[in-house]
Amino acid sequence: MGIPSFGVGTFRLTGQSAIDSVRNALDVGYRAVDTAQIYGNEAEVGQAIAESGVPRSELFITTKIWTANYAKTKLVSSLRESLEKLRTDSVDLTLIHWPAPGNGVPLPQYMEALAEAKALGLTRQIGISNFNIALTQQAIAVVGKDEIATNQIELSPYLQSHKLTAYLKEQGIAVTSYMTLAYGKVLKDPVLTTIAEKHHATVAQVALAWALQLGYAVIPSSTKRENLSSNLLARDLKLDAQDMALIATLDRNGREVNPEGLAPDWD
């Protein structure tokens, strides 16, 4: 089935801004939308989708199970609540949001519950998010590598995670890059700016094109319609070998998101 290479993210968007962002994204051509239970915006995302007029069959909707719902008795029912908010009978992809090693729910239990959600038809595909190599191996041991559609991880020109991405590629697990612009930090980067000028592109387009050329899916977010449109053009930007080599030098382990108690020990 695979996952779309380009979607719109909704992290940190709530209320009307979430509705407007998703509606604008669908209007300018996005067909994949990424949300999560903890974002508190599933109902707004559902409203925007319903009001967009885009047929459900053309859309790819992803949500993520929050740590409070990992227990076998909670996961499926929490996903049913998410579906009600999203106004759909099923989502296309459901992820475990964080491995949360100190959460008290063993990994096999929540991976089995996630597989059960798929068996029940509540989600077409399942996957993981923010898992390191060891935890991905544990997840594979429970459900099999072919069942894990993606590992959604923070990646940007400043955080390239070579070991983890190489392992995922080896296993045939797709990589979804979030925070590809590093909270906007990469937008002022002189190397990326030079590459952008060379291609008559924006720096955001260059960073997104870099991720796409490495085979990653991307889910950038924006509240501005013009930025949503502009970001989509990254799909048509072809960086050359010299560009990619220059961007490779920017790696500095620049992690933006590393919540204590939720994040693993990174590779």
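Let's start with Glu51, which is partly exposed at a relative accessible area of 44% (buried means under 20%, exposed over 50%, and partly exposed in between, using a 1.4 Å probe and protein chains only). A word on the basis: this is a predicted model, where local features need pLDDT of at least 70, side-chain atom pairs count only at pLDDT 80 or more, and totals for chains, interfaces and linings use all residues. Residues are numbered from 1 along each chain as its sequence is written, and side-chain values use heavy atoms, leaving out hydrogens and water.

Glu51 joins Arg23 in a salt bridge, at 2.4 Å from N to O (a side-chain nitrogen of Lys or Arg within 4 Å of a carboxyl oxygen of Asp or Glu). Arg23 sits in helix α1 and Glu51 in helix α2, so the bridge ties parts 28 residues apart in sequence (helices are DSSP runs of H or I, at least four residues, numbered from the N terminus). Arg23 is partly exposed too, at 31%, and a salt-bridge network links Asp20, Arg23 and Glu51.

Asp27 is exposed at 55%, whereas Arg225 is partly exposed at 35%.

Elsewhere, Asp243 bridges to Lys198, again with 2.8 Å between the closest N and O atoms. Asp243 is in helix α10 and Lys198 in helix α7, 45 residues apart. Here Asp243 is buried at 1%, while Lys198 is partly exposed at 41%. In total, the structure holds 13 salt bridges.

Notes
Helices (H or I, at least four residues) and strands (E, at least two) are DSSP runs, numbered from the N terminus.
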